[in-house]
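Colleague: I'd like to learn how to read a structure like this one. Could you take me through it, feature by feature?

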Amino acid sequence: MKRPNVLLICVEHWSGRLLGALGHPVVQTPTVDQLASNGVLFTNAYSTTPVCIPARRELMTGTFSRTHGVRSFDETITMTGHTTLPESFRNAGYQTYAVGKLHVSPQRARIGFDDVMLDE
């Protein structure tokens, strides 16, 4: 069986209600709408941590901030001791790339991605 492609898009300060695919009457998001029509939309996804760095670590490690140890905006704490989402995909034979920002330390740490193109 062929493995499906996986694209995870995470944004800051962009409410899901502002997508044409979710029925917004004015905002036009044709590219995201096309991706959504061919994939899965998580319309009730929540973060247990309201701070970006710990929340990203929760997503990348599948653990709560209580477990991974980061509870504040601190760009100097390294991510160690937990298998990351990109590592899991890479170990399953996927090529993994990060584009955007990760807020990890050191700044260009790949945390399991094959390559990163960051703008932090």
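Modeller: Start with contacts, meaning heavy atoms within 4.5 Å. Setting aside residues up to four places away in sequence, A98 touches F113, D115, V116, M117 and L118. Keep in mind that this is a predicted model, where local features need pLDDT of at least 70, side-chain atom pairs count only at pLDDT 80 or more, and totals for chains, interfaces and linings use all residues. Residues are numbered from 1 along each chain as its sequence is written, and side-chain values use heavy atoms, with hydrogens and water left out.

Colleague: Which residues make up the largest nonpolar core?

Modeller: A nonpolar core is a set of buried Ala, Val, Leu, Ile, Met, Phe, Trp, Tyr and Cys residues joined through side-chain atoms within 4.5 Å. Buried means under 20% relative accessible area, exposed over 50%, and partly exposed in between (1.4 Å probe, protein chains only). Here the largest core has 10 residues: M60, M79, A98, L102, V104, A109, I111, F113, V116 and L118.

Colleague: Which face of strand β2 is covered?

Modeller: Helices (H or I, at least four residues) and strands (E, at least two) are DSSP runs, numbered from the N terminus. In β2, residues 115-118, V116 and L118 form the covered face, while D115 and M117 form the uncovered one. Two strands pair if DSSP finds at least two bridges between them; β1 (residues 97-100) runs parallel to β2, with four bridges joining them. The bridge partner of Y97 in β2 is D115.

Colleague: How many salt bridges does the structure hold?

Modeller: Side chains of opposite charge can pair when their charged atoms come close. A salt bridge is a side-chain nitrogen of Lys or Arg within 4 Å of a carboxyl oxygen of Asp or Glu. The structure holds one: R110 with D115, whose closest N and O atoms are 3.6 Å apart. R110 counts as partly exposed because its relative accessibility is 41%, and D115 is partly exposed too, at 36%.

Colleague: And E58, is that buried or exposed?

Modeller: E58 sits in helix α2 and is buried, yet has no salt bridge. Lys and Arg count as positive and Asp and Glu as negative, with His and the chain ends not counted; the nearest side chain of opposite charge to E58 is R71, 8.2 Å away. The E58 side chain does reach the backbone nitrogen of S65 at 3.0 Å. As for the helix, eight of the 10 residues in α2 (52-61) are buried, and those buried residues pack against α3 (65-68) and α4 (85-91).

Definitions and conventions
A polar contact is a pair of N or O atoms within 3.5 Å; within protein, one must be able to donate a hydrogen and the other to accept it, and residues adjacent in sequence count only if both atoms are side-chain atoms.
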